[in-house]
Amino acid sequence: MKLPLESKRVEPQLLKVPIRRGWYYNSLRSYPDGGFLVTYVIAEPCVDVKDKSCIEECPVDCIYEGGRMLYIQPDECVDCGACEPVCPVEAIYYEDDVPGQWQEFGKINTEFFIEIGSPGGASKVGQTNTDHATVVALPAKPE
């Protein structure tokens, strides 16, 4: 059976691709036609909060714990949305719905995993005690 589109290997690299409304950074998952899948993003309200309700709700264990915030591994996320309604600070958004002031967090979530890749589950890794440089540079929230 011949496919209408030839599939080609996408070399591992961070890509900036247009998806629906504006530019979004995305994961390395791709369709054979070159389109990219979207995923959920954890944004700035999570910094220094890390409630972890989303971790308990995630059926595929794709939410990893950094030093100051949580991150969704875009290659492991199945886009079920179970994490979004349980976040008490409303920090989780479908990538197309991230508010303008937090658009960079799509890129931040993806770049966080450049070093560790896709380990196949957050419980295997535990807390990383590292964060994306942008998150590190943010001022600490008062307790």
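**Notes on the predicted model**

1. Reading from the N terminus, the elements follow the order β-β-β-α-β-β-β-α-α-α. That gives 4 helices and 6 strands in the chain. Please keep in mind that this is a predicted model.

2. Some overall figures to start with. The chain has 143 residues, and 40% of them are buried. Its accessible surface comes to about 8,200 Å², with carbon and sulfur atoms accounting for 52% of that. If we take contacts between residues at least 6 apart in sequence, 66% of them join residues at least 24 apart.

3. The largest nonpolar core contains 29 residues, and Ile42, Ile63, Met69, Ile72, Ile92 and Phe105 have the most contacts inside it. At least two core residues come from each of β3 (40-42), β4 (63-65), β5 (70-72), β6 (92-94) and α2 (104-116). Of these, α2 gives the largest share, with 4 residues.

4. Setting aside neighbours within four places in sequence, Ile92 touches Tyr40, Val41 and Ile42, along with Cys54, Ile72, Cys83, Glu84 and Cys87.

5. Cys87 sits in the loop between β5 and β6. Is Cys87 buried or exposed? Its relative accessible area is 13%, and because the cut-off for buried is under 20%, Cys87 counts as buried.

6. A distance you can check yourself: Cys87 and Lys50 are 37 residues apart along the chain, and their C-alpha atoms are separated by 9.5 Å.

Methods: Residues are numbered from 1 along each chain as its sequence is written. This is a predicted model: local features need pLDDT of at least 70, side-chain atom pairs count only at pLDDT 80 or more; totals for chains, interfaces and linings use all residues. Side-chain values use heavy atoms; hydrogens and water are left out. A nonpolar core is a set of buried Ala, Val, Leu, Ile, Met, Phe, Trp, Tyr and Cys residues joined through side-chain atoms within 4.5 Å. Buried means under 20% relative accessible area, exposed over 50%, partly exposed in between (1.4 Å probe, protein chains only). Contact means heavy atoms within 4.5 Å. Accessible areas come from the Shrake-Rupley method with a 1.4 Å probe; for residues, only the protein chains shown count as cover.
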